[in-house]
Each structure stands twice: as C-alpha cells, then as structure tokens.
Amino acid sequence: MLPTAPSAADTDHYFYTYVCELDGRLTSKDKPRTIGVEVSIPRIVQVGQSLALAWTLSDSHLVSPTNFASGGKVSITATVKVAGLLQGKLDSLGDKTQDVLVAGNELVLPTAIPGAAAVSKEGKVTVTPADLVIDFTPPASTVRINDTDGTIIKAEAGDEVLVDAKKEPIRYKGSWEYMDNTNPDRSGDSGQDVTWTAKADDLVRVWFTGTQLKYITERNLDMGLVKARVDNAGEWEQRDASLDEDNQNKVQGRKYQKVLWASRVLPYGEHEATIKNVDGTHMLVDAFDVITDQLSSPPKYFQTRCKPQRQTNGVTVDVVAAPSNDGSNGGNNNENGEITDGDDSARGVIVLSGGGQGHGAPTATATATKTAKPTATSKASKTPQVRVTPKGGAHTGEAPANDTSSPLLIGYGTTLALGGVVGGLALRRRRAVHGSADRGNRG
C-alpha cells in the first residue's frame, strides 16, 4: 500500500556510433574506423548550477601509425552545439597517456570526458551532440636510422627517384659504395658499417617524421665539404668533416659517430633532408638521428575528426529556479541563496571527473549554430552520471516520486488508530461477558 521508491536521476543517456575520417593518421585507407559514444545530458538544471555533460567512449578502433615509446598522449575534444539560453558550442576535454605502442595496435582512449557550463537564469537550453576531434601527442624521442636502411641508386645527375619513406627512409644517388665491419676502420661506427662516396654532387636523401634530423658521420683528415638543407627550402648549409668539432682546427685521428649537421627545429610532421658531396673528397654516411622534441600541444599531423553515423538529437534541458533558502532543499546554501556542493559522498552523488581517464577544463565558445533535428534514442539511468539536484528533493542525485505519499500515510495511520480503538472496545466487552459467566459458575 506504500508508494514505490523514488524515480531515477533526471539524466538521459544517448548512444551513437561515430565514424572517423578515412586515411587519417590514426585510422586507415581501407575501412572506416568507429567509436561507440554515450552522452549523458541532464533533463533539469537549477539556476546557479552548471549544465554538466559526460561523454563515455568505448569500442574504439583507432590505431597507432608507427612504433612509439611510452608517454604518448591521446587527447579528445567532444563538442555539443547549444542553443536557447546558451549559444554556440560546449567542448568537453579528456586525455589518456599511452603505454608502449606498436604500429597497428589500437589506441587507448579516455573513457569519461566531463564538460560543464554555468546557467544564470530560467529557460531552456537545446543540446545537440556534434563532432569528436582526436589528437595524438608523440613522446619525446631519438630514433636512429642506420645507413643500411636505404638503397643505392646508380643514377645520373638530375634523375629523380621517388621513395616510400615508410618502407625505405634513405635513398642514395650517385657512385656510393658500402663498407662493412670487415674493414677495421669501421669498428667505431654505428652498426660497424658506412656508405661512402668520393664523387662531387653525389647525394643522399632522408625522409623522416619528427621535429629535427641529425647527420651522423666520421670526422677525419681525408674527409671534405658537404652541404645540406631540409624540405628543399632555404640556403644550403655547408660543413667540413675534416675539422674538429670546434670547426677551427684539423681533426687529429678518426672521430666516430659525430653530428656533422643538424636541421633547424621543425614543426612535427613529415620532412625531407638532402645532403650532398661538395668537393669530391670522402663523404661518409654512418647514420641519422630523428628527433622528436617534447611538444607542449598536439601537432596537427595526427588530428582526426569523427562524426555521428546518423543525425543526432536536439535535447532540451529545462533550467528552473533554485529552491528557496529555507533549508528544504537538502543542500547547503550560502548567504546569497546559491546552492553549494556540501558533502557529495554522504549523499550518493557521483561527479564524473574522469577518474584518471580524462582530464581538462571545459570551455564555451560563442558562435551561431543551428539545432539538429532529433533522431537519437535515450534511456534513463538508475545510477546518477552527472551532478543533479532534483526539483523538490534532497541533493541525492535522484528525483523524488510525485507527492502522493502524505495522504496515503495519513489514511494508513488513521486506519491503524481506528482499528486499535475498535479492537480495544471489543476486548473489554468480551472480558465483561466472561466475568459474568464466571461469577454464575462460582455461585
């Protein structure tokens, strides 16, 4: 006869499949890559509180484009368009640090991505889930490419040869020769081998992905001038391999694994360097070091955009007045009547902060947008997923049922009281009857 338990929290959960662009650095050329997306949106928000959203990502098929040491980071920007009281868009930010990555392995995405925007007056806000933007920040690293990671092309000057840099990062052009560890002079070289030429204008090209390239060779008296430049731009830079590292004095003895030239620091991405023999003396290629500096923000190189497979709903959120400051709201009020957090753990409220999976402060950008036509489905959750204070109830994350319990309880109590009175009268009458019979028997 008593009313049922309170209804679930005023939060709906919308489920989508997002499809990521083909031929992105984190996807592939042959098939679309998808991500499962759940967006949690409150139905009701009180004035003075935040419109809090939560994105949960799953079933990701984004992959690492190459091998990386641990410390790389995937960053997600999840965007909703907002209209009504708020205009423009609301970005939710999250990131996830990666362990060691192998080319083709799936990336680990942040699972919970929070975002929020304050609302200051009553009305309605229309929320429409929009794009996901996935970025990747590679870890700082130095990767050595040996001189043998390429092909010697016996070509005439002026011939151009194309190369797949992912399979073969070095291409030699001219009269180059290979010398391995059977020569005792190679004992100190990287890999105990070199590729060399003694003809002017012979050159080597290197394709690399990073922020800088360093040319590793020997310094020795029988070496000569080389010139180098990167991305076929700017002036050629000349170096003399017969000089010591101060570039003032002739080198004394053979010096192994020396950096003769380093490119300028470049934006992270794919680059091409060319190094050429100037005067026809010995030029050796021992190795190249590909440098990736510590990056303060994700490079555009890996950025991948994902869109909903189908048109998303426009979800309406009601912004209502906060309860009066009489203590009935179950929360803590300050002197201005605004609701403050209090002790969430004691009241069963779950606040999505990423739990170590997602980090970042939400931002709101004002730009004019259109609201998409509603097409998505939703379902209510029995466990609160965002901070919600239901109308007319304590700050528990759950909304109370309709106010039908008081009449029922009063009626139920009245019934119990009347039953007790009637029962008492019947018991007294029965005792009186039994008392008269006993006296008659004793007489």
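Strands β8 and β23 run antiparallel and are joined by five bridges. The structure is a predicted model, in which local features require pLDDT of at least 70 and side-chain atom pairs count only at pLDDT 80 or more, while totals for chains, interfaces and linings use all residues. Residues are numbered from 1 along each chain as its sequence is written, and side-chain values use heavy atoms, with hydrogens and water left out.

- Strands, like helices, are DSSP runs numbered from the N terminus (strands are E, at least two residues; helices are H or I, at least four), and two strands pair if DSSP finds at least two bridges between them.
- How many of the 15 residues of β8 are buried? The number is 13, so β8 is largely enclosed by the rest of the structure.
- Buried means under 20% relative accessible area, exposed means over 50%, and partly exposed lies in between (1.4 Å probe, protein chains only).

**Nonpolar cores**

- A nonpolar core is a set of buried Ala, Val, Leu, Ile, Met, Phe, Trp, Tyr and Cys residues joined through side-chain atoms within 4.5 Å.
- The largest such core has 40 residues, and those with the most contacts inside it are I35, W55, V127, L132 and I134.
- At least two residues of this core come from each of β1 (11-20), β2 (33-42), β4 (50-58), β5 (73-84), β7 (112-118), β8 (123-137) and β23 (315-320).
- Another core, of 25 residues, lies apart from it and includes L213, M223, I275 and M283.
- Contact means heavy atoms within 4.5 Å. With neighbours within four places in sequence left aside, the contacts of I134 include I35, V74, S75, F302 and T304.

**Aromatic residues and charges over rings**

- Rings of Phe, Tyr and Trp (its six-membered ring) pair if their centres lie within 6.5 Å; planes under 30 degrees apart count as stacked, over 60 as edge-to-face and the rest as tilted.
- By this rule there are ten aromatic pairs.
- One of them joins Y268 and Y301, whose ring centres are 5.7 Å apart and whose planes stand at 75°, so the pair is edge-to-face.
- This pair links distant parts of the chain, 33 residues apart: Y268 is in the loop between β18 and β19 (269-277), and Y301 is in the loop between β21 and β22 (304-308).
- Both of these tyrosines, Y268 and Y301, are buried.
- Y268 also forms a tilted pair with F302, at 5.5 Å centre to centre and 35° between the planes.
- F302 is buried, as is Y268.
- One aromatic cluster is formed by F68, F136, Y268, Y301 and F302.
- A charge sits over a ring if NZ of Lys or CZ of Arg is within 6 Å of the ring centre and within 35 degrees of the ring normal.
- The charged end of R25 sits over the ring of Y301, 4.0 Å from its centre, and K227 lies over the face of W236, at 5.1 Å from the ring centre.

**A four-stranded sheet**

- An open sheet of four strands, with antiparallel pairing, has the order β9-β21-β15-β18.
- Its edge strands, each pairing on one side only, are β9 (141-146) and β18 (255-262).
- Strand β15 (residues 212-219) is joined to β21 (residues 287-292) by five bridges, and L213 stands opposite V290 in β21.

**Selected residues**

- S75 is in strand β5 and counts as buried because its relative accessibility is 15%.
- Beyond four places in sequence, S75 is in contact with G94, D95, V133, I134, D135 and P298.
- K81, also found in strand β5, is partly exposed, with a relative accessible area of 36%.
- The C-alpha atoms of K81 and D131 are 9.5 Å apart, while the two residues are 50 apart in sequence.
- K199 is found in the loop between β13 (194-197) and β14 (203-210), and at 46% relative accessibility K199 counts as partly exposed.
- With neighbours within four places in sequence left aside, K199 is in contact with S175, N277 and G280.
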